[in-house]
Amino acid sequence: MTVIGSSGALGNALTIQLAANNPQAIIHAAARKKIAYDQPNITHVPIHYGEEESISKAAKLCCSQLAPDLVIVATGILHTNSIMPEKSLDALSASFSSGSMWWLLPEFCFVWLYRHRWSLL
């Protein structure tokens with residue numbers, strides 16, 4: 001299992017809960033910032049979401065022994081001074097049209113690697 005964005009509040013809580021509920025599983029906690037976890041089945045995986053090479057390395061590391069059966073992407077921002085949470089479909093489509101779809105890159109890398117893992121590893 002892999003949680004991308006494990007250093008954020010939501011990602012951290014999901015990582016801890018997955019590790020507690022699945023003590024036999026290896027939980028890959030992918031984030032720029034390393035968190036010290038008490039659970040022995042959590043492994044930090046360094047990742048920088050804006051760099052394709054970093055995401056590719058993280059995906060290969062997470063899939064090196066066994067393809068993950070679950071990948072959670074818990075990255076993103078709720079709001080900034082110029083970006084507020086979407087309250088309508090019009091606001092959502094406007095934010096998508098800006099071209100800032102970088103948050104989809106981890107999904108594409110992990111899905112692609114999962115489908116082609118036997119030819120790469």
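Which exposed residues does the face of α2 turned away from its buried side carry?

Mentor: That face of α2 carries Glu 52, Glu 53 and Lys 57, where exposed means over 50% relative accessible area, buried under 20%, and partly exposed in between (1.4 Å probe, protein chains only). The model is predicted: local features need pLDDT of at least 70, side-chain atom pairs count only at pLDDT 80 or more, and totals for chains, interfaces and linings use all residues. Residues are numbered from 1 along each chain as its sequence is written, and side-chain values use heavy atoms, with hydrogens and water left out.

Helix α2 spans residues 52-62, and its buried residues are Ser 54, Ile 55, Ala 58, Ala 59 and Cys 62. Seen down the axis of α2, these fall within an arc of 135 degrees, so they line one face of the helix; the arc is that of the directions from the helix axis to the C-beta atoms. An α-helix has 3.6 residues a turn, so residues three or four places apart point the same way.

As for the context, the protein chain has four helices and four strands, in the sequence order β-α-β-β-α-β-α-α. Helices (H or I, at least four residues) and strands (E, at least two) are DSSP runs, numbered from the N terminus. Of the 121 residues in the protein chain, 30% are buried. Among contacts (heavy atoms within 4.5 Å) between residues at least 6 apart in sequence, 51% join residues at least 24 apart.
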